[in-house]
Amino acid sequence: MMKKLTIGNVSLLIAICLFIAMFVGGSIKYDRFGSVSTIFNLFNDNAYLIIVATGMTFVLLTGGIDISVASNLAFTCVLSAFLLDKRWSALVVIPLVLFIGTFAGFLMGYCIQVFKIQPFIITLAGLFFLRGMCAVVSTVSIPINNAFYKSLALSKISFQIGGSRAKLYYYVFIALAVVLIAWFVLKYTKFGRYVYAVGSNEVSAELMGIDVKKVKIAVYAISGFSASLGGFVFSLYTLAGYSLQNMGLELDAISSAVIGGTLLTGGVGTVIGSMFGVLIQGIIQTIVTYQNLNTWWTKVTIAALLCFFIVIQRIIAIRAEKKKA
Amino acid sequence: MATKLLRMEHVNKSFPGVVALNDVEFSLEAGSIHALLGENGAGKSTLIKVLTGVEKMDGGEVYLDGNEIHVTSPFDAQKKGISTVYQEVNLCPDLSVAENIFIGREPKKHGHIDWKKINEDSKELIKEFDLNLDVTKKLGAFPVAVQQMIAIARAVDIKAKILILDEPTSSLSQAEVEKLFDIMRELKKRGLGIVFVTHFLDQVYEVTDTITVLRNGGYVGTYKTDELEKPALIGKMLGKDFDSLAEISVTQREAGENPEKFIDVENAGTAKIKNVSFSLNKGEVSGLSGLLGSGRTETARLLFGADKMTEGHIKIHDKNVSIKNPLDAIRCDIAFCSENRKTEGIIGELSIMDNIIIALQAKRGLMHVVSKKEAAEIADKYIKELNIKTPSRDQKIKNLSGGNQQKVLLARWLATDPELLIMDEPTRGIDIGAKAEIQRIVVDLAKTGMSCLFISSELEEMQRCCNTMYVLRDKKIVDKLSGDNITEANIMKSIAGEGEN
């Protein structure tokens, strides 16, 4: 049987090929690029973004959008740093910040669903509010000296491969676990399939007996949860909380998902794709660094990639339409 | 008498400004196919939406197997055994065929969805429908007809007691329709009650046992299919008693002296309708008659360039013209009041004045602005002439009643000084007084030399206004009547296709 090609997995295929091509290209061009260490560092540096992009994928799959995630992440970092600085126990702080992030997401989802307001506006309000609350907690950067955080932040697995040492930090496994669980949920649970159904055709989903309301509120809660979990991982990554951290990260998360084959209109996409979207952005960043270019070249390249992917998706969609007719 | 499978009594439902259902009753027996018929706006869809929990009824009772039920949502309806296939396919195009059949009731194994079982079971199920396709493919990849069959397969598989098919055949080919009918008969044998909504009357006679007719939100009656002749059925749908029709005398106006031909359409066609040929004289009111879906609106859209013309010619004053889009049509002095007043007519947030001058502005082009003063003069002139009831020309059009909105739309097109005015259902959903006024306006306009193409489901008003009448059936012009021959009896005969076979 011929392997089926649909919008989702063609984009995913292209994303994976592109990632491999860039890695191979980089390895040929630069010394010390082509190593396990480079790959590991991609994960080390982008673990938090992978988590955020995974949550974002749920929202995008229903045809919604959540632009509050960067602020949510920053607020988590600042609040954790602040509370830890006040000598709160890490075992209290972590559940608390995760709960706050999830609740913020739930609240936004609730407003979107119950008052029928566009997700963009509500999450824009969330963006301003949470970013503002960061500054209310503290306008200066607070270092994290908590022993538990420190030990978690610095523990890693390291391998001796060839001449170089490759390190993988423990928190990367959080990100990988999130992706795996999300993949399972989307593929093998009723809730996951309802997310696709709602994004594919909301009216139909309702008529087929799906509780659209619950699904739509839940995806924003999930996005809020992963934003705050991403915030936790980010506070391990930097061991500090600062109110202006990660401005614009929400757009990185969205572009990762799109590069990975998620349609903004909903119904199509995978979390694996979103992860590759993050990795592609990471590898572009690495190449830009190796090339000694201004880091803004990363954005220029990603802009070009985004256009490329969106055009490809449209072409595939149009061809499918024609074939059907 | 045996207990009916379903009984609906005294059902009432109003939407803002419209009574959609007024004391309607409906009952369905197990093991029967029951047609629900009526023209556009008769209340069929609303009745079904009430039954399936999409809309809440304002009053009335619903009994299933003799017990009163309150359906709260489509899901609730499904749980109670009422399954529906809607006119537009209501499935998810991005999910696989198998998943579309099973979503909402997925089989599970070890706590997760059992994809293997879903795929195998769906394959079995669709075999019953003579479909053999890859159920793991996305639904959106298949033609609409196949999607429709899959929707039916899903509906049937939900252990339904009642299956509602809302115009399921409009996208199916003849062979597919036959297949569907076989399935319906099979389901009937299994004891299901099937509600079949359609506007193809031949299909009603082919497959149904009972007919219920609704008109203007009211209950007309329930009849045995084999005891109700087709012309009588059409009479009931359109609101005329067939037997008494022949006796109605008609006052027919003569067409003007020395008729001058305005437009000539030769074998024109779009993607939706083919082989349209007719002509219209100046000062003539011509009607397009036929049931819903017979091609009336398609003909109007063809003339106005709203659908792309793919074949044939249009001649105006004996000169070939090319009408590629509505603006071309406006510049050929054609005007079109579409049937969907709310979505294709009024611009709710704009004032009456702005709504009136918008077509004139388009006709002149953006470089020749209609001045404020001129606009105000035009607006005031038509408010007076057409007797539009409003405190001022600056009132937002959405605040007017339906009849007055229609008059504003008429004014919009009269302001462009057209030679041909096309009106698609201009009197639908407006009160009797306004109806009469609009009919009078049409006749008066014709006297000034304007040609009018008048589309209406109400034969009586067509008969009163038209000099000539084209009758359409199944997207074809099947008859032309003129003068004294325009009687409701003749029209209905043509619609029913009698005297041909």
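Visitor: Which residues of H5(B) are buried?

Guide: The buried residues of H5(B) are B:Val146, B:Gln147, B:Gln148, B:Met149, B:Ile150, B:Ala151, B:Ile152, B:Ala153, B:Arg154, B:Ala155 and B:Val156. Buried denotes 20 or more other C-beta atoms, placed from the backbone, within 10 Å of the residue's own; exposed denotes 12 or fewer, and partly exposed lies in between. This is a predicted model, in which local features need pLDDT of at least 70, side-chain atom pairs count only at pLDDT 80 or more, and totals for chains, interfaces and linings use all residues. Residues are numbered from 1 along each chain as its sequence is written, while chains are lettered from A and ligands numbered from 1 in the order in which they are written.

Visitor: Why is H5(B) called largely enclosed?

Guide: H5(B) is largely enclosed by the rest of the structure because 11 of its 14 residues are buried. The cover includes strand S6 (82-85), helix H3 (97-102), helix H4 (115-127), strand S9 (162-166) and helix H6 (174-189) of chain B. Helices (H or I, at least four residues) and strands (E, at least two) are DSSP runs, numbered from the N terminus.

Visitor: What span does H5 of chain B reach?

Guide: Helix H5 (residues 144-157) reaches 20 Å from first C-alpha to last, close to the 20 Å expected at 1.5 Å a residue; the expected span is 1.5 Å times one less than the number of residues. Just after H5(B), B:Lys159 takes a positive phi of about 45°.

Visitor: Changing topic: what is the strand order in the open sheet of chain B?

Guide: The order of its 4 strands is S14-S13-S16-S17, with antiparallel pairing; strands pair if DSSP finds at least two bridges between them. Strand S14 (276-281) and strand S17 (319-321) of chain B are the edges, each pairing on one side only.

Visitor: How many bridges join S13 to S16 in chain B?

Guide: There are 5 bridges between strand S13 (residues 261-269) and strand S16 (residues 311-316), which run antiparallel. B:Val265 has B:Ile314 in S16(B) as its bridge partner.

Visitor: Which residues touch the most other members of the largest nonpolar core?

Guide: A:Val52, A:Val233 and B:Ile422 do, within a core of 241 residues. Such a core is a set of buried Ala, Val, Leu, Ile, Met, Phe, Trp, Tyr and Cys residues joined through C-beta atoms within 7 Å. Helix H2 (residues 36-61) of chain A gives the most to this core, with 15 residues.

Visitor: And how confident is the model overall, by ipTM and pTM?

Guide: The model scores ipTM 0.79 and pTM 0.74.

Methods: Two residues are in contact if their C-beta atoms, placed from the backbone, lie within 7 Å.
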